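Trainee: I am new to this structure and would like to learn how to read it feature by feature. Could we look at it together?

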Amino acid sequence: MSMEQTYIVNSGTTRETMNRLEMDSRWRLGAPASLLALGVLMVGVGLGSPAFAQEAEGFVTNTLPGPPPAEQVEAGKRVYFTKCVWCHGVNGSGDGPGADRLWPRPRNFNAGTFKIRHTASGELPLIDVDLLQTVTHGLPGSAMPSWEGILSEDQRRDVLAFVTTELVQERSWQDEEFEELHVLELDKLAAAAVPASAESIKRGSELVIENKCIECHGLEGRGDGNAFNLKDDWGFSIQPADWHKCWNFRGSRQDAYNVKNIFRTFSTGINGTPMPSFADNTTVEDRWHIANYVGSLCERDTDVDIAGGQVTDEIAATLASAKPRGIDPLTDKPKVNFVIPSKFAEGELPKDEHDPRWYDERWEKEGRRIVAIGGQITHKPRNFVTRIDDIWVQSLYNETHVTMMFRWDDRTKSIQEDEVDWDPYEVNLADYGIVEQEPGGSRFDDDGMHPDSIAAKQTSYQVFNDGLAFQMPIKFQELPPPRKPRYFWGDEGFPVDIAKWTADGNLLAYEGTGWDQDLEGRDDFTEQLKLEKAEWKDGRWTVIISRPLKADYEADTYIELGKYIPINFFVWDGHNGDVGRKMGVSAFYYLVLEPPIPSEAKWYAGLAAVGLVIVEGWILTRRSNRRKELGTK
């Protein structure tokens, strides 16, 4: 133990300060999870909850709950071994048969460490509030689903009685000697919350810098500040939250844009992770400012440039006025529109994201589409742990070309440095050692750094190139409705036209005839593709690609105005070991080039409006004169 840590223990500093020190140590040194365990031990022997209660504003002391009845525990056991064991394991150790394929890993209940709580940092959660909400609503951004509608409320309470009594082994809700509950009065504090004004948002942007939140979450909050060194209490790789995706925040399902959830997290911290509580070193008001700022960054109908986190009064006002995107109640993700419209643009097409034609008020709202991305798990090597779950697409076209701008959050810029033995068009890479990771790494839970453990493998992938591709059927006009080519690089009957960009600067054209067939290079069409821009900045890629509307129809897609052309997208995260068939993929969308409105049509509309006014005036005048005539008789 360092002299600094010894001083903290002996001086009675709060557990939140200890957690902050622990987080700083991890950030600097990439320390293993055992160091956090040491910090927890020091909290237990030298830091008392009463000190926290005296210093932290907005918390009240609660009594510990009594033990559940034995028959409820037994009923919960039956529920657990029917629904929960497959991920959480027989002993609740987070090592069920599905665990090795999930990220984040399923909760290991044994230590009694739970992330989402209304209780102070390091404390047990409220069973009837925190744990019940987790089981009821699930945890967005993870594999933990909502069990509402599948399990009755009684069954959910029963399984919690079993988990908290039998599977939590190192702590107890009935341990009055060592356990206390200090509960955040969230509803009371929310009643007097600071409104999300431009002034509050700007102040929050300053506070996240002052409190060093950007060291992990990045300058613009995309989780790119410290993407490699952070680990949870069990030694598994963990990445800071992306503030631009509030629908992935734990404890926010069906309530994505509510800043109460963010305020709660900053007040209580997230146990088991490097995310500390800020309750001991910020005021309630400051935490509302932070919550308002973080909440304002979540994707809106307009894409607001926050200038590397240096938020001005103008930026803050824009953030405050931007409208939240609609959330689909079935997926708890932003609503998806499967039509990607392309708008006609005069002259040369944009070469960067700053061209004002991207930001026409109506067009950005209606033309900027979110494309949902999922891991490719149909064919080996499958991608069970995809870290990119959406991309944003916009499109413009002129008389000869169409251009598409792609933007997506990626915590790491990945460029392959080592030479590889295969060519870019090859997709069958098993002969080169690119095989699917086999399950079973959780056997080494007691040694997270064992080279065969899941924890070690998550951070030891060979780094390949980040990449993006899109495909369209070569002869979509000949597809019998509702037939499409296979989503995964087409098939022999209906081949696809593929354009693929990689972070090493290559933009290549291919023809695809099946998921297991090497791609056919199209050098002639590659020369007609143009990479206008490819930049990674503050945790986000911006890639702009243009291509001809019409080339050689026999080998390339002929993009016609007004036609719904099937298109889908692929994305590779190089630091996730993505290469070849290991990638993220979308469903089919439709690219539509909207016919331009002739300038004459605008005049016609204006003339028609003027004519309508004249006719209506004439009718009203006739009626008035008629009444006068009748009145004189």
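**A guided reading**

Mentor: Let us begin with Ser172, which is found in the loop between helix H7 (153-167) and strand S2 (181-184); helices (H or I, at least four residues) and strands (E, at least two) are DSSP runs, numbered from the N terminus. Please keep in mind that this is a predicted model, in which local features need pLDDT of at least 70 and side-chain atom pairs count only at pLDDT 80 or more, while totals for chains, interfaces and linings use all residues. Residues are numbered from 1 along each chain as its sequence is written, and side-chain values use heavy atoms, with hydrogens and water left out.

Trainee: Is Ser172 buried or partly exposed?

Mentor: The terms come first: buried means under 20% relative accessible area, exposed means over 50%, and partly exposed lies in between (1.4 Å probe, protein chains only). Ser172 has a relative accessibility of 26%, and therefore counts as partly exposed.

Trainee: Which residues does Ser172 touch, not counting residues up to four places away in sequence?

Mentor: Contact means heavy atoms within 4.5 Å, and with those sequence neighbours set aside Ser172 touches Leu124 and Glu179. The C-alpha atoms of Ser172 and Gly112 are separated by 8.0 Å, although these residues are 60 apart along the chain.

Trainee: How should I read the packing of two helices, for instance H9 and H12?

Mentor: Two packed helices are described by the angle between their axes and the distance between the axes. The axes are lines fitted to C-alpha atoms, for helices over the stretch in contact, and angles run from 0 to 180 degrees between N-to-C directions. Here the axes of helix H9 (residues 198-210) and helix H12 (residues 284-297) come within 7 Å and cross at roughly 100°. Angles under 35 degrees count as roughly parallel, over 145 as roughly antiparallel, 65 to 115 as roughly perpendicular and the rest as oblique, and H9 and H12 are therefore roughly perpendicular to each other.

Trainee: Which residues of H9 and H12 meet?

Mentor: Among them are Ser200, Ile201, Arg203 and Leu207 in H9, and Asp286, Trp288, Ile290 and Tyr293 in H12. The residues of this contact divide into 6 nonpolar, 6 polar and 2 charged, where Ala, Val, Leu, Ile, Met, Phe, Trp, Tyr, Cys and Pro count as nonpolar, Asp, Glu, Lys and Arg as charged, and the others, Gly among them, as polar.

Trainee: How many residues of H11 are buried?

Mentor: Helix H11 (259-268) is mostly covered, with 8 of its 10 residues buried. The buried residues of H11 pack against strand S1 (59-62), S2, helix H8 (186-191) and H12. In the loop between H11 and H12 lies Ala279, which counts as buried because its relative accessibility is 2%. Ala279 and Phe59 are 220 residues apart in sequence and 9.2 Å apart in space, C-alpha to C-alpha.

Trainee: What is the phi of Trp489?

Mentor: Trp489 has a positive phi of about 65° although it is not a glycine. Trp489 lies in the loop between S10 and S11, and is buried, with a relative accessible area of 4%.

Trainee: What do the totals for the protein come to?

Mentor: The secondary structure of the protein comes to 17 helices and 18 strands, and 52% of its 633 residues count as buried.
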